[in-house]
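This report is a reading of one protein model, written for someone who has the coordinates open. Please keep the sequence and the structure in view while going through the sections.

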Amino acid sequence: MFTVFVPIWALSLSVLLADSPKSDTPSSRLVTFDNLQARLASPNLRLIDPRPLADYEKGHLPGAVWVDVKAVEKLAAKPGSLTDAKPWEAWIAPLGIGPDTEVVICDGEKQLAAARLWWLLSYLGVPNVGLIDGNVPLWVAEKRPVTTEVPKVEPREFRVTFRNERHATRADVISALQSRSATIVDARSAGEYTGTEKRAKRGGHVPTACSLEWSNLVDKDGRFLAEPELKAKVAKAGVKAGDPLITHCQSGGRASVNAFVFERLGFKTRNYYLGWSDWGNAEDTPVNVEADSKP
């Protein structure tokens with residue numbers, strides 16, 4: 001399925017990494033438009049579209065199933081939900097996903113909603129989940145096939161098996177700080193990082209955390225930057241090759257974009273999904289602000 005990797009730096013990330021077996025794993029697959037279009041009729045393919053329902057109804061990729069990402073956010077934010085399999089099994093069953101299903105997610109943003117679902121599904125134990133290298137508006141602009149037909153999906157029981165190696169808790173972050181066993185990467189904006197913009201009781205950042213805003217990794221059309229650019233941004237942020245990473249944002253989505261990129265670049269990565277909504281609202285977590293650190 002994959003060709004031999006050829007280090008031609010002018011190529012896009014989708015080509016560079018898709019051609020590299022060690023970086024393109026089933027849990028971090030990046031699918032090109034051409035590849036996807038050639039396989040739209042595949043019986044094992046499940047396309048997921050988390051755009052607003054009105055946008056989905058105007059036109060979507062053939063076979064794409066709509067998912068209410070706001071409802072998913074609310075479910076994930078409930079206390080204890082990230083360790084309770086039952087509500088997730090009830091949520092995933094109507095999507096018709098089984099152990100043999102290739103799940104591919106597309107959105108209308110810069111991979112924000114798509115990456116959130118990518119991380120959650122892979123955390124729930126779905127073995128083959130990927131993103132499309134580009135958003136739905138770009139797909140439409142290139143005059144690729146769209147439809148308003150809503151696919152009929154046969155529900156399938158899916159037994160959730162949490163992949164805890166992909167997830168970090170507050171306690172994990174504290175332990176990593178104490179032992180220096182992982183680098184913390186903050187996917188939020190510069191204002192949130194420095195504390196000038198507050199979205200919790202306290203503003204600022206986790207001490208020693210590197211700042212790498214998620215939106216700097218994806219272009220306006222939802223395509224990931226070329227690998228050399230990504231590597232340069234990662235290095236500039238202070239992340240060293242081979243570092244185990246914990247990425248976070250406010251509530252999981254932006255950190256999932258970073259996590260997807262890091263995994264494809266070969267980093268062992270966990271997502272502190274509850275992020276600053278958990279850390280910044282706690283009373284006893286250490287916090288740095290603009291006065292004592294710069295992004």
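The sections below go from the chain as a whole to its sheets, its cores and its ring contacts.

## Overall composition

The model is a predicted one, and its protein chain has twelve helices and nine strands. Of the 295 residues in the protein chain, 53% are buried, while the accessible surface of the chain comes to about 13,500 Å², with 54% of that area belonging to carbon and sulfur atoms. When contacts in the chain between residues at least 6 apart in sequence are considered, 75% of them join residues at least 24 apart.

## The five-stranded sheet

Five strands form an open sheet with parallel pairing, in the order E1-E5-E4-E2-E3. Its edge strands are E1 (29-31) and E3 (65-66), each of which pairs on one side only.

## The four-stranded sheet

A further open sheet, of four strands, has the order E7-E6-E8-E9 and parallel pairing. Strands E7 (210-211) and E9 (269-271) stand at its edges with a single partner strand each, so one side of each is left without a neighbour in the sheet. E8, which covers residues 245-248, is joined in parallel to E9 by three bridges, and Ile246 has Arg270 of E9 as its bridge partner.

Asn271 is found in strand E9. Which residues does Asn271 touch, not counting residues up to four places away in sequence? They are Trp119, Arg166, His167, Ala168, Thr247, His248, Gly252, Ala255 and Ser256. Asn271 has a relative accessibility of 0%, and therefore counts as buried.

## Nonpolar cores

The largest nonpolar core has 57 residues, and those that touch the most other members are Ile48, Trp88, Trp91, Ile97, Ile105, Leu121 and Leu131. At least two residues of this core are supplied by each of helices H4 (69-77), H5 (85-92), H6 (112-123), H10 (227-236) and H11 (253-264), and likewise by each of strands E4 (102-105) and E5 (129-132). The largest share, nine residues, comes from H6.

Leu121 illustrates the contacts in detail: leaving aside neighbours within four places in sequence, Leu121 is in contact with Ile48, Trp91, Ile92, Ile97, Val103, Ile105, Val126 and Val129.

## Aromatic pairs and charges over rings

The structure holds nine aromatic pairs. In one of them, the rings of Trp88 and Trp91 have centres 5.7 Å apart and planes at 90°, so the pair is edge-to-face. Both residues lie in helix H5, three residues apart, which is about one turn of the helix, and Trp88 is buried, with a relative accessible area of 0%. Trp119 and Tyr273 form a stacked pair, at 5.3 Å centre to centre and with 15° between the planes. Because Trp119 lies in helix H6 and Tyr273 in the loop between E9 and helix H12 (275-279), this pair ties together parts that are 154 residues apart in sequence. Trp119 counts as buried at 1% relative accessibility, and Tyr273 is also buried, with a relative accessible area of 2%. Ring pairs link Trp119, Tyr123, Phe162 and Tyr273 into a cluster.

The charged end of Arg188 lies over the ring of Trp276, 4.4 Å from the ring centre, and the charged end of Arg223 lies over the ring of Phe33, 4.8 Å from the ring centre.

Conventions
Residues are numbered from 1 along each chain as its sequence is written. This is a predicted model: local features need pLDDT of at least 70, side-chain atom pairs count only at pLDDT 80 or more; totals for chains, interfaces and linings use all residues. Side-chain values use heavy atoms; hydrogens and water are left out. Two strands pair if DSSP finds at least two bridges between them. Buried means under 20% relative accessible area, exposed over 50%, partly exposed in between (1.4 Å probe, protein chains only). Contact means heavy atoms within 4.5 Å. Accessible areas come from the Shrake-Rupley method with a 1.4 Å probe; for residues, only the protein chains shown count as cover. A nonpolar core is a set of buried Ala, Val, Leu, Ile, Met, Phe, Trp, Tyr and Cys residues joined through side-chain atoms within 4.5 Å. Rings of Phe, Tyr and Trp (its six-membered ring) pair if their centres lie within 6.5 Å; planes under 30 degrees apart count as stacked, over 60 as edge-to-face and the rest as tilted. A charge sits over a ring if NZ of Lys or CZ of Arg is within 6 Å of the ring centre and within 35 degrees of the ring normal.
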